[in-house]
Amino acid sequence: MNKRIGLFGFGVVGQGYYQIAKKHKEQWTPDTIVVKNKFKRRAFDLKFSYNPQEVFDKNPDYILELISDTNEAYEYVTEALKRGITVISANKKLLSAHLPELIQLQRVFGGKLLYEAAAAAGIPVITTLETHFEEDEIISLEGILNGSSNYILSRIFNNGLNFSEALRLAQQKGFAESDPKFDINGSDVASKLNILGLHAFGKFIGEEQIPTFGIQHLGEEEIALAKRLGLKIKLIAKAERDYRGIAAHILPTLVEEHNPFYGVENEYNAVKIVSEHLQEQFYQGKGAGSLPTGAAVYGDLIKAKNGFGYSYSKVNFDKPLDEKLLNLGVRVLIKSKAAALIDSVLFSPELTHQIDGVIFAVGKIKPKNFNKLNESGEVSILALPDNYAVESIEAGLKTIQNAGEVV
């Protein structure tokens, strides 16, 4: 007997899911597809609905929520869960904002919510955390979690494009939106890290609490330095836990050649998990695109059909889910023309080097200061590899200065 499926949204992800479902098993194509724009030309000759209530009127077994509007998605998902319906979502902003409430709705009404496509798309990292690491203690989780920013950085380092050229190419290829703000400022990554943090550590960090610094402030100097040192820059999200609590941040990071993130290129994502028993595990896959993300949605649907659901085994429901992050210093290279600004945030200084009025300094910064620096628009920050010699940074700066590579 075919199951009744309602689909909200028929954009890039919805179309990817539909292609896969139609190719494999017609029974998993949706009965009702709800879209907003009646006048938009679409590649598929299908009958669409413009009334969201039509999905619920058909008493669906499954609802796929694949829209970008967070407020509308919240209405559809909460209504479905209150009716005990299984929901598949790819909406990272919705989940990051409301995950504790959505978990509670599942517990109270018996519905089910799966959302593998919301974080790292083609990498089944949430399912892996829920199954493979269910009885293991996660020590740290790191990842490249945004395909758009990674594509931009790949073009800069592999093809010699500047930032504007690489961004424009990413937009032309469909990896970046016409307004790429959330991709390049780290907001998209913060949503995903917030979701993964709950499954890794059993605590809800809160996206707004995660110190975040994107790639939008990267300058030619830092790029030239990284190339001169044989390093690459990647936007890395990191969360780790010890006896004191959880620390997390998102920063452009200098990555050495032996680091597995070094070879993660283009729209690919990657996640490294370190646990007590399994120790280090590394996963890589496409983090953007119609078919990879659509495949994650389709995979969730099949898993739900087979009875799978998230157990949230690391969550202690007798205690508050919220967790306040530790404010531990992060070792960085910071660049700015404002000496007073650097002095106000940097501690344990190791190096200060000036080129044509631009100051480069190595030391530690408390994550609580990232937002202040981000808002100033006058600063670039790069996290440094563990134990990376400050002498190498200084030598690299002198070399690019003498070679005239710094503008």
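The bend at a residue is the angle between two axes, one fitted to the seven residues ending there and the other to the seven starting there. Keep that in mind for α4 (92–109), where a kink of about 80° lies at H98, shortly before the proline P100. Before going on, note that this is a predicted model, in which local features need pLDDT of at least 70, side-chain atom pairs count only at pLDDT 80 or more, and totals for chains, interfaces and linings use all residues. Residues are numbered from 1 along each chain as its sequence is written, and side-chain values use heavy atoms, with hydrogens and water left out.

Helices here are DSSP runs (H or I, at least four residues), as are strands (E, at least two), both numbered from the N terminus. The expected span of a helix is 1.5 Å times one less than its number of residues. For the 18 residues of α4, a straight helix would reach 26 Å, but the end C-alpha atoms are only 22 Å apart. Buried residues of α4 (under 20% relative accessible area, with a 1.4 Å probe and protein chains only) include L94, L95, L99 and L102.

α4 also brings us to the largest pocket, as one of the helices that each supply at least two residues of its lining. A pocket, on a 1 Å grid over the protein atoms alone, is an open set of points where a 1.4 Å probe fits, with protein on both sides within 12 Å along at least five of seven lines; lining residues have an atom within 4 Å of a point. The largest pocket has a volume of about 1400 Å³, counted as the space filled by probe spheres set on the grid points, which are joined across faces, edges and corners. Of its 48 lining residues, V13, I67, S68, K92 and E177 lie nearest the centre. Helix α1 gives the largest share of that lining, three residues.

Now for the second largest pocket, with about 630 Å³ of space. It is lined by 27 residues, and E142, K238, L384, P385 and D386 are the closest to its centre. Strands β7 (232–242), β8 (245–255) and β11 (330–336) are the elements that give two or more residues to this lining, and β8 gives the most, with six.

One last stop is helix α10 (residues 220–228), where E221, E222, I223, A224, L225 and A226 are buried. Just after α10, G230 takes a positive phi of about 75°.

How values were computed: Buried < 20%, exposed > 50% of the residue type's maximum accessible area, 1.4 Å probe, protein only.
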